[in-house]
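Subject: Structure handover and notes

Dear colleague,

Please find below the structure that I promised to pass on to you. My notes on its fold, core and open spaces follow it.

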Amino acid sequence: MNLVIILLVVVGLLFATTYIMKRHYGVLGLALCAGYLLAAMWTNDIVSFIQGAGIYILIPPLASLVTAVVVILPAVPLLFSGPIYHTQWQRLLGAVAFALLATSLLLSSLGNWLDLDTTGKSVYDVLVHNRNVIITAAIAYALYDVFMLKNPKVKDKKK
């Protein structure tokens, strides 16, 4: 398959899921970062465990599949609970940021198993070249979003 099509599908699914669920991006973005760290630490052990159980997957490679699942997994429960956006533009911006961060974190595992044609290779190279900037900006926005998160006001019952 063409890398551009796969990236568009991944970005579209991540965007749509986040947009529909209305959850604040900050918490989700930091969960993706936690998943990325967990994937870096545990992917080899999880792959060894799965292969020891007799499960082998060739396409996509098992390591790429495990990495993708571990990166996304911490954000999944947070999609169903937590603070929500109340304005349309915040939902849109948060969903775009979530999709970009997740795709940037999954870029190396996607690139490991895809055959890249000339267009796909050029798109992949641009994304890999700008990956650090995208991730840094997305994390900065996640921290800003968490910082700006306001708790609901509790009405005083004594009045």
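Helices (H or I, at least four residues) and strands (E, at least two) are taken here as DSSP runs, numbered from the N terminus. On that basis the elements of the protein run α-α-α-α-α-α from the N terminus on, which amounts to six helices and zero strands.

Please keep in mind that this is a predicted model, in which local features need pLDDT of at least 70 and side-chain atom pairs count only at pLDDT 80 or more, while totals for chains, interfaces and linings use all residues. Residues are numbered from 1 along each chain as its sequence is written, and side-chain values use heavy atoms, with hydrogens and water left out.

Of the 159 residues in the protein, 33% are buried, that is, under 20% relative accessible area with a 1.4 Å probe and protein chains only. Taking a contact as heavy atoms within 4.5 Å, residues 24 or more positions apart account for 87% of the contacts with a separation of 6 or more.

Leu32 itself touches Val71, Ile72, Ala75, Phe98, Leu101, Ala102 and Leu105, if residues up to four places away in sequence are not counted.

For the open spaces, a 1 Å grid was laid over the protein atoms alone: a cavity is a set of points where a 1.4 Å probe fits but cannot get out, a pocket is an open set with protein on both sides within 12 Å along at least five of seven lines, and lining residues have an atom within 4 Å of a point. The largest pocket has a volume of about 220 Å³, where volume means the space filled by probe spheres set on the grid points, joined across faces, edges and corners. Its lining has 12 residues, and Val10, Leu65, Ala68, Leu106 and Leu110 lie nearest the centre of the pocket. Helix H1 (3–21), helix H3 (62–72) and helix H5 (88–113) are the elements that give two or more residues to this lining.

The largest cavity holds about 30 Å³ of space, and its lining consists of Thr18, Tyr19, Lys22, Arg23, Tyr85, Arg91, Gly94 and Ala95. H5 gives the most to the lining of this cavity, with three residues.

Best regards

Note on methods: Buried < 20%, exposed > 50% of the residue type's maximum accessible area, 1.4 Å probe, protein only.
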